[in-house]
Amino acid sequence: MTTGSAGRRPRSSGASIHDATEADIAELVALDEACFPPDDETQKPAAPGEIENAVREGRVRVVRLDGRVVGFLRRETPSMHHLYIGALGVHPDHRGQGFGAALLDDMLDSGWAPERRELPSVSTVTSPQNLAMLGLLLSRGFVVRTLMPDYFGPGKDRFYCQYKSRVEYVDPDDRFIVPVNGAVQWSALLASESYQITALLWLPSGPAFEISRFEKDDLGALQSDETNASVAFASGILASITFLLGLSFAYATFPDAVRILLMGAALATTSSLIIYANTSGELARLRTNSFGRYAKWGNVLSEFGGVFPFLVSLPVTFAEVTSSLTAALLAALLFSAALFLYDRSAFTISARFRQSGWTRSLSLVTAAAPLAGAAAIRLAPSWLTWAWTGAVALALISRSYICLARRGDEATPNIAVDRRWQIRR
């Protein structure tokens, strides 16, 4: 039911992608007939009224070139958890120009409703002989899950293709290359439910499928291990904050502004431990599928509410007790540089969320906090130290709010992945 061109972006600057309108229906019907001729066993044309209904419901995207519709993608949403590609077609005169790839990329980027927090399952079916469509799907992170015999009637077999929305690992020692015409071999491998087609290869002898076995992870065990590691980490941070806070109460000369920052850090880190404890209960007996949300809250609070305030407070405290202004400023500069590098690395919690101009500006404020605080303690009047505390607290609270309320689940948007799986090294 699908056809397309191998994965390239449109090379024509005059092409545009937009929602189909009722004015496009006549062109779409003609284009569907050109893309899916009834005498072609590998294709299935639209049923009467199918295109018209899809256009009226806003489920069709088209590529328009020089005023003409040259390609279209029709999607269906049979449930809130599933998105199905009903048809992807490009006019025979315009294939090989990347229009099919552009339509598919457009759908994968924004085809589901943006207000949805949960990524739906994305799937489609295509004929084992439709190599152009298979090459496009496999290049965009789809895999062939299984062969469905007689899907559209006797002799009309179809591959069930599904988009991999999360990174999984392929066993490097359990991969096969099977010629496309070796139907007996690849159908037997797919029937075992342990193997999936991950690529279409072009060998001197002809096209072939790469068939791989994905490693099966114990999701419950992985989540439990992550929770235990998070609890241990947050407990260590809380112990350090409590120790420093205890020292601050023992010395009358300790800056009250730093005491307030440490008290806030102790509150936030304790809250993260409570959330991690609830995460353990979620895994053990509640099982409401809320692990990701719990872990997100715990991670954000432990980092922006615990780690950063603690590290910012150390050089400021040192600046208060040391007699050397040079040593105080050098130590603060070292901490500022370390925080800046850490905040730009892939190890920070903020790297798991989409960045913007605001978040980058707030990260600069956080990185500059140790140096600014040390300078305020040694060189500025006491009221400026309170202003410094307020600025640091506001920056950390703002970063927490953005991650918790304005971003989705944790991900790795800064890590480029051209496939939704990787080979285990």
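Q: What is the volume of the second largest pocket?
A: On a 1 Å grid over the protein atoms alone, a pocket is an open set of points with protein on both sides within 12 Å along at least five of seven lines, and a cavity is a set where a 1.4 Å probe fits but cannot get out. Points are joined across faces, edges and corners, and the space filled by probe spheres set on them is the volume. The second largest pocket has a volume of about 270 Å³. The model is predicted, with local features needing pLDDT of at least 70 and side-chain atom pairs pLDDT 80 or more, while totals for chains, interfaces and linings use all residues. Residues are numbered from 1 along each chain as its sequence is written, and side-chain values use heavy atoms, without hydrogens or water.

Q: Which residues lie closest to the centre of the second largest pocket?
A: A lining residue has an atom within 4 Å of a point. The second largest pocket has 14 such residues, and Gly-264, Ala-268, Phe-304, Gly-305 and Ile-397 are the closest to its centre. Two or more lining residues come from each of H7, H8 and H11; helices (H or I, at least four residues) and strands (E, at least two) are DSSP runs numbered from the N terminus.

Q: How does the lining of the second largest pocket divide by class?
A: Ala, Val, Leu, Ile, Met, Phe, Trp, Tyr, Cys and Pro count as nonpolar, Asp, Glu, Lys and Arg as charged, and the others, Gly among them, as polar. The lining of the second largest pocket holds 10 nonpolar, 4 polar and no charged residues.

Q: How many cavities of 30 Å³ or more are there?
A: Rolling a probe the size of a water molecule over the atoms shows where empty space is left. The count here is 2 cavities of 30 Å³ or more. The largest cavity has a volume of about 70 Å³, and the second largest cavity about 30 Å³.

Q: Which residues line the largest cavity?
A: The lining is formed by Phe-304, Ser-350, Phe-353, Arg-354, Gln-355, Thr-359, Leu-362, Arg-399, Ile-402, Cys-403 and Arg-407. By class, these are 5 nonpolar, 3 polar and 3 charged residues. H10 (357-379) and H11 (382-405) each supply at least two of the lining residues, and H11 gives the most, with 3 residues.

Q: At what angle do H7 and H8 pack?
A: Axes are lines fitted to C-alpha atoms, for helices over the stretch in contact, and angles run from 0 to 180 degrees between N-to-C directions. H7 and H8 pack at about 155°, with their axes 8 Å apart. H7 is therefore roughly antiparallel to H8, where under 35 degrees counts as roughly parallel, over 145 as roughly antiparallel, 65 to 115 as roughly perpendicular and the rest as oblique. The contact of H7 with H8 comprises 16 nonpolar, 13 polar and 1 charged residues.

Q: How are H8 and H10 placed, roughly parallel or roughly antiparallel?
A: H8 and H10 pack at about 25°, with axes 8 Å apart, and are therefore roughly parallel to each other. The axes of H10 and H11 come within 9 Å and cross at roughly 155°, so H10 and H11 are roughly antiparallel.

Q: How do Phe-304 and Phe-308 pair, centre to centre and between the planes?
A: A pair of aromatic rings is described by the distance of the centres and the angle of the planes. Rings of Phe, Tyr and Trp (its six-membered ring) pair if their centres lie within 6.5 Å; planes under 30 degrees apart count as stacked, over 60 as edge-to-face and the rest as tilted. The whole structure has 9 aromatic pairs. Phe-304 and Phe-308 form a stacked pair, 5.7 Å centre to centre with 25° between the planes. Because they are 4 residues apart in helix H8, Phe-304 and Phe-308 are separated by about one helical turn.
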